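Welcome! Have a look at the sequence and the model below, and then read on.

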Amino acid sequence: DENTIEVASMYQGDAEASLQHSSFSKEDYSIASLIETEDGYEITVKQKYNVTVAVDGETKTVYTGDATVEGILRNGGIELHEADLVEPARDTQITEPANITVTRVTTAQKKQTQSVAYTTETRDASDLEAGKTRVAQKGVNGVEEVTLEYTYHDGKQVACVQLASATVKEPVTEIVERGTK
């Protein structure tokens with residue numbers, strides 16, 4: 001096979017050295033397999049190929065041999081963060097030209113205050129003429145602090161989740177009296 005070199009040595013280093021002195025250019029091959037045989041080692045090499053990576057708004061080409069997606073990205077100088085989405089998956093073995101997409105995932109937490117509406121309670125008032133009403137206690141809105149977490153994919157918001165809320169100021173119930181006289 002034109003992609004196989006047989007080395008009559010029991011040392012892996014000798015096998016790799018023979019490969020370097022072969023007609024294969026180091027820039028154009030990668031070791032696809034290294035198998036120990038009765039007579040030494042059998043090395044199978046495979047020509048490298050281009051993998052296109054879409055990341056950070058750019059397209060990069062990584063010249064590589066068979067490797068996992070994560071290994072190809074590392075060899076291409078592309079740093080991954082734990083939350084980043086990678087397609088195909090990071091542990092996928094790539095064995096031919098392919099496209100890889102990295103989506104940067106970031107989150108941000110923000111606190112904001114919002115108004116909490118007051119409620120209205122109606123009570124009968126025997127000292128007020130029937131059909132008339134009066135406000136005995138004016139209602140006041142309360143205040144609530146809400147913590148939100150925004151999720152972004154490549155800088156575009158894709159989700160917002162409420163993480164927590166706390167009452168800063170309780171609302172004051174409005175009391176309306178209704179005449180019964």
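## Two aspartates with positive phi

Asp 56 has a relative accessible area of 48%, so this residue counts as partly exposed. Asp 56 sits in the loop that links β4 (49-55) to β5. Its phi is near 55 degrees, a positive value in a residue that is not glycine. That is worth a second look, because most residues other than glycine have a negative phi. Please keep in mind throughout that this is a predicted model.

You can find Asp 154 in the loop between β13 (142-153) and β14 (156-169), and with 44% relative accessibility it is partly exposed.

## The chain as a whole

Now let us step back. The protein chain has 181 residues, of which 29% are buried. Its secondary structure consists of two helices and 15 strands. Taking the contacts between residues at least 6 apart in sequence, 58% of them link residues at least 24 apart.

## A four-stranded open sheet

Four strands form an open sheet in the order β5-β4-β9-β7, and their pairing is mixed. At the edges are β5 (58-64) and β7 (85-87), each of which pairs on one side only. On average, and ignoring direction, neighbouring strands here are turned by 20 degrees against each other.

How do β7 and β9 pair? Strand β9 (residues 98-103) runs antiparallel to β7, and three bridges connect the two. For Glu 87, the bridge partner in β9 is Thr 101. Glu 87 is also joined to Pro 88 by a cis peptide bond, with omega at about -5 degrees. Pro 88 itself belongs to the loop between β7 and β8 (93-94).

Is Arg 104 buried or exposed? Its relative accessible area is 14%, which means that Arg 104 is buried. This arginine lies in the loop between β9 and β10 (105-116). Its side chain makes a polar contact with the side chain of Asp 84 at 2.6 Å, and also reaches the backbone oxygen of Glu 79 at 2.7 Å.

Beyond its neighbours within four places in sequence, Arg 104 has contacts that include Val 55, Ile 78, Leu 80, His 81, Tyr 152 and His 153.

Gly 76 lies in the loop between α2 (69-75) and β7. With 26% relative accessibility, this glycine is partly exposed. Setting aside neighbours within four places in sequence, Gly 76 is in contact with Lys 60 and Val 62. The C-alpha atoms of Gly 76 and Val 62 are 5.6 Å apart, although 14 residues separate the two along the chain.

Glu 177 is part of strand β15 (residues 174-179). Which side chain does the side chain of Glu 177 meet in a polar contact? The partner is Arg 134, at 2.6 Å. Leaving out residues up to four places away in sequence, Glu 177 also touches others, including Arg 123, Leu 128 and Lys 132.

Finally, Lys 110 lies over the face of Tyr 150, 4.9 Å from the ring centre. With ring centres required to lie within 6.5 Å, the number of aromatic pairs is zero.

How values were computed. Residues are numbered from 1 along each chain as its sequence is written. This is a predicted model: local features need pLDDT of at least 70, side-chain atom pairs count only at pLDDT 80 or more; totals for chains, interfaces and linings use all residues. Side-chain values use heavy atoms; hydrogens and water are left out. Two strands pair if DSSP finds at least two bridges between them. Axes are lines fitted to C-alpha atoms, for helices over the stretch in contact, and angles run from 0 to 180 degrees between N-to-C directions. Rings of Phe, Tyr and Trp (its six-membered ring) pair if their centres lie within 6.5 Å; planes under 30 degrees apart count as stacked, over 60 as edge-to-face and the rest as tilted. A charge sits over a ring if NZ of Lys or CZ of Arg is within 6 Å of the ring centre and within 35 degrees of the ring normal. A polar contact is a pair of N or O atoms within 3.5 Å; within protein, one must be able to donate a hydrogen and the other to accept it, and residues adjacent in sequence count only if both atoms are side-chain atoms. Contact means heavy atoms within 4.5 Å. Buried means under 20% relative accessible area, exposed over 50%, partly exposed in between (1.4 Å probe, protein chains only).
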